[in-house]
Amino acid sequence: MTENYDVVIVGGGIVGAACAAELNGARLRILVIDAGKVGCGTTGASMGHIVVMDDSEALLNLTAFSRELWLRLAKDSASAYEYLPCGTLWVAADAEEMDVVYQKAKNYEEHDIAVEVLDHKSLYQYEPNLAQGLAGGLRVAGDCVIYPPNCAALLLQGIEVRENCNVCQISDNLVSLENGSEIHAEFIVNAAGAAAPKLTAELPVEPRKGHLVITARYPGFCQHQIVELGYLKSVQKMEKESVAFNIQPRPSGQYLIGSSREFAGWDDSINRNLVNRMLTRACDYMPALKEMLAIRTWFGYRPAPMLSCPPPPHVFLSKTRVGGDAGAGESKNGGDKLPIIGNWPKVKGLYIAAGHEGLGITTSLGTARLLAAEILGQSPPIDPAPYRPSRLFRENR
Amino acid sequence: MTRIVVVGAGPAGIAAACRAAESGAMVTLLDGEPYPGGGTWRHSIDYSVPRKAKRWFNRLDKVGVSLRTSETVVDITGCSVQVQREQGGLDSIAFDKLILATGAHELFLPFPGWTLPNVMGVGGAQALLKAGMPMKRLRVVVGGSGPLLFAVAASLAKAGAKIVCVAEQTSRVQLAKFALGTLRYQPARMVQGMGYMLQNSKVARPSWPCFHGLEARATFRNSRLWRVYWPNTWLKEARGDSQVREVILTNGKREWIEPADLVACAYGLVPSVELAALAGCKLSVARPAWPCFHGLEARGTIGNRVVVDHLQRCHGHPGRVGTGWKPVSRFFAAGEITGIGGTDLAITEGEIAGLAAAGKESGTRAAKLIARRERQQKFARLLNQSFALKPHLKQLPADDTIVCRCEDVTFGELKNQTDQRSAKLYTRCGMGPCQGRVCSSALQYLLDWEPNKVRPPLFPTKIGVFISK
Amino acid sequence: MMKKITVKVNDKPVVVPEGVTVAAAVYMAGETAFRKSVSGQLRSPVCGMGICYECRVQIDNQPHQLACHQLCREGMEIRTL
């Protein structure tokens, strides 16, 4: 028996949910399919940090645009999304990192993102619990935090969803389910996160595991999502394992502590050594964390884009040590590290919304707008070219 | 010398440690509480422990076991356990064999008002009493299910509490069967039970006429405990302001109010299998014993239990934990975690596990213990069948009754969810410091949900302790 | 005869037998509420054995301490709610 829909979205995580919500206004019959419960995969494991990232012009555009959409969406139903306008505080450990701060400030200001450069004094005025001896930082007040699982569910309100349903194949205008049935659709969106390559074999996306630790409640310890500048390096350098300090205050008064990155396939155990390194790093930046109780550790699989096409010149960061390396001696360099959004020319009706690495929550709304514009034949809100799947076939390396 | 680590210094753990040490192994016995004894042989500041417990404690002293209390196992990796010490710091204790004797915790079924101060568990009330909580003159309602109810009521009465009633949900018929069975399998326990029932106590006696039911029974007179032991009765609601003041009891046909300064209520025990789960030991979903009149075996109760073979060896799935961990021959489990069955069975299982871990499983001693265990398991089955929870208890919580106490998540928010994991992500149920121990047992009974995957740390652990390894 | 020690519960000195738990000391001080839940409800110990985490109090300025596990020490400062 073959069912018929206008749009089938495979993946009910934040990206799939955002795409569904965006297309919902266009009077299309939409079906969202998820292998489990919506928002309970990588989305459920994630931090929910909405952050503007300036690794590249294209990433800055996408994250800035998406952040604006989040601010508009979450402000109206702040409690439903558990919206917390805490801002991001990028911490510079020394003079060299302060140079990065100045460069970042320039990048952001050129794109109308309000920032505040913090010197040694003002850094501690904002966050007195930071370790002594740090140089300063960059405060991005417009960044915020939401709670991803509920956001995905909220975005999917009023949309037909099929949970605990496995898709085994996507072919020309056809979605085949594990139970044998098939669904015909004019538009199919592969938003299956780290599992996207299982359905679109050539998608260069790999699981990049990340751990998080949550503490008991200690209200008032920190106000911002605090991230060390080395975080950027951790994202860009394709090391087998890396950690970078990242802490988020939850509305509950608990603290989410990250971050770690590792290429471990689909390994489903806690990497104690890596968690240890991650927490040690966190305590380097905020020593009082040592006294806090850790309640639980968990992990998620970021869908990391592993492109072989060369990255665009990292104009902003090429002069500093936190810039993207060309993978000297390590595993693949991951290419431009941008998500893959748009029509997949090799399969009829197929669109991709995948490869968001650690920015899935942030860029979900922007991704949805881009995708909807392409599907509905409207003019795109930002330049879609850098994210197009067609870039994967341009250069064969 | 075989290094054996025993986790849990209750009857099973103590028995295991003694047998293992006597068989020549180097034994470390760990417990997170300040004193050994677990639940049944809990240390008490005023009252002495049972004679049997004293004998085992003495034996433990003599055999040279390294007893480490106030040390909580928070993780297990490869062939070592990581313990958090009360005074601070983390220690890694290597083992050749591990014996899990982590016991059980009470099943708390949520009912309206159960979160009021002075509403606690039955074992909880006993634990607090033994730790020094003053009970004199408090009007106590004991409720729930299990032989623990009258044992604890007797303890409280001895300590000066006024027992309003002991409300046992199981029926008179089941209780009669239990009494007869106990007489057959564990006559000593029967004597003990009768002792509790005959305990002199200030109990609430009805003011005549009482069959109209709704008047508060405020008169307390010296009498025997059995006079206020009411089968087929359960707590419908607890009411109060800054603490509990009164309860509504019911027998399914009518309801009535009783005064209460303290409520001790719990519906039996659930095996504490988190460490076993983290270690990758095979667990079995224990089915409730209802309907038991078909003779369906009810070896387990609510909750999951650790599956063991005749030598108390766990079954493992290779590669589950860390690196370099080898399953089955290294892991043993004894006592309530293999299924609720009482102290005597726990001791026997502990002895077998201790002998087997030390390589002495083929002797006559082990054979005798195995035979003893067979007999004791009959009592365990009787215990579980007699006190099987009636299905109507699933109707206890109202929509606004809190189920997850750590995060204040209500039954209304949960009943439309489909499973523990997504319910946790959507409602925060299970995200608190009890790590789902209280709510997931209740939800397993109420909604048939499997508990969530266990992750380290097994108990909230200071981050500084985590990184000190 | 059990040795007596003095602890403070919410700044009030309480004489308790040595070896009692912090939970017992709180009850001996006449308090019934140990902590406030996340929505502000009063709570007290339930399990008595370190499982339910409802007995959390502040001991010597350290929050989230299990009163049912900790033994009283001379001069200990205990704070509820």
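Visitor: I'm new here. In chain A, what share of the contacts with a separation of 6 or more is between residues 24 or more positions apart?
Guide: That share is 76% in chain A. Keep in mind that this is a predicted model.

Visitor: Okay, and how many helices and strands are there in chain A?
Guide: Chain A has ten helices and 18 strands. Its radius of gyration is 20 Å, close to the 21 Å that the globule rule gives for 397 residues, so chain A is as compact as a globular protein of that length.

Visitor: What does the C-alpha trace of chain A span along its principal axes?
Guide: About 65 × 45 × 40 Å.

Visitor: And how much of chain A is buried?
Guide: Buried residues account for 55% of its 397 residues.

Visitor: Let's switch to chain B. Which strand there pairs with β11, residues 162-168?
Guide: That's β12(B), residues 200-204. The two strands run in the parallel sense and share two bridges. If you want a spot to look at, find B:K162, whose bridge partner in β12(B) is B:K202.

Visitor: What about β12(B) and β13(B), parallel or antiparallel?
Guide: Antiparallel, over five bridges, with β13(B) covering residues 220-224. Here B:N200 sits opposite B:R224 of β13(B).

Visitor: Now helices. At what angle do α1(B) and α8(B) pack?
Guide: At about 30°, and their axes are 7 Å apart. An angle under 35 degrees counts as roughly parallel, which means α1(B) is roughly parallel to α8(B). You'll find α1(B) at residues 11-22 and α8(B) at residues 343-357.

Visitor: Is that crossing left-handed or right-handed?
Guide: The crossing of α1(B) and α8(B) is right-handed.

Visitor: Which residues meet there?
Guide: From α1(B), they include B:P11, B:G13, B:I14 and B:R19. On the α8(B) side, B:T343, B:I347, B:E351 and B:L355 are among them.

Visitor: New topic: how many residues do chain B and chain C each put into their contact?
Guide: Chain B puts in 32 residues and chain C puts in 30 residues.

Visitor: Which elements of chain B give two or more residues to the side that touches chain C?
Guide: Those are β8 (104-106), α3 (122-130) and α12 (437-447) of chain B.

Visitor: And which of them gives the most?
Guide: α3(B) does, with four residues on the side of chain B that touches chain C.

Methods:
Residues are numbered from 1 along each chain as its sequence is written. Chains are lettered from A and ligands numbered from 1 in the order in which they are written. This is a predicted model: local features need pLDDT of at least 70, side-chain atom pairs count only at pLDDT 80 or more; totals for chains, interfaces and linings use all residues. The radius of gyration is taken over C-alpha atoms; the globule rule is 2.2 Å times the number of residues to the power 0.38. A residue is buried if 20 or more other C-beta atoms lie within 10 Å of its own, exposed if 12 or fewer, and partly exposed in between; C-beta atoms are placed from the backbone. Two residues are in contact if their C-beta atoms, placed from the backbone, lie within 7 Å. Two strands pair if DSSP finds at least two bridges between them. Axes are lines fitted to C-alpha atoms, for helices over the stretch in contact, and angles run from 0 to 180 degrees between N-to-C directions. Angles under 35 degrees count as roughly parallel, over 145 as roughly antiparallel, 65 to 115 as roughly perpendicular and the rest as oblique. A crossing is left-handed if the near helix is turned anticlockwise from the far one by less than a right angle, and right-handed if clockwise.
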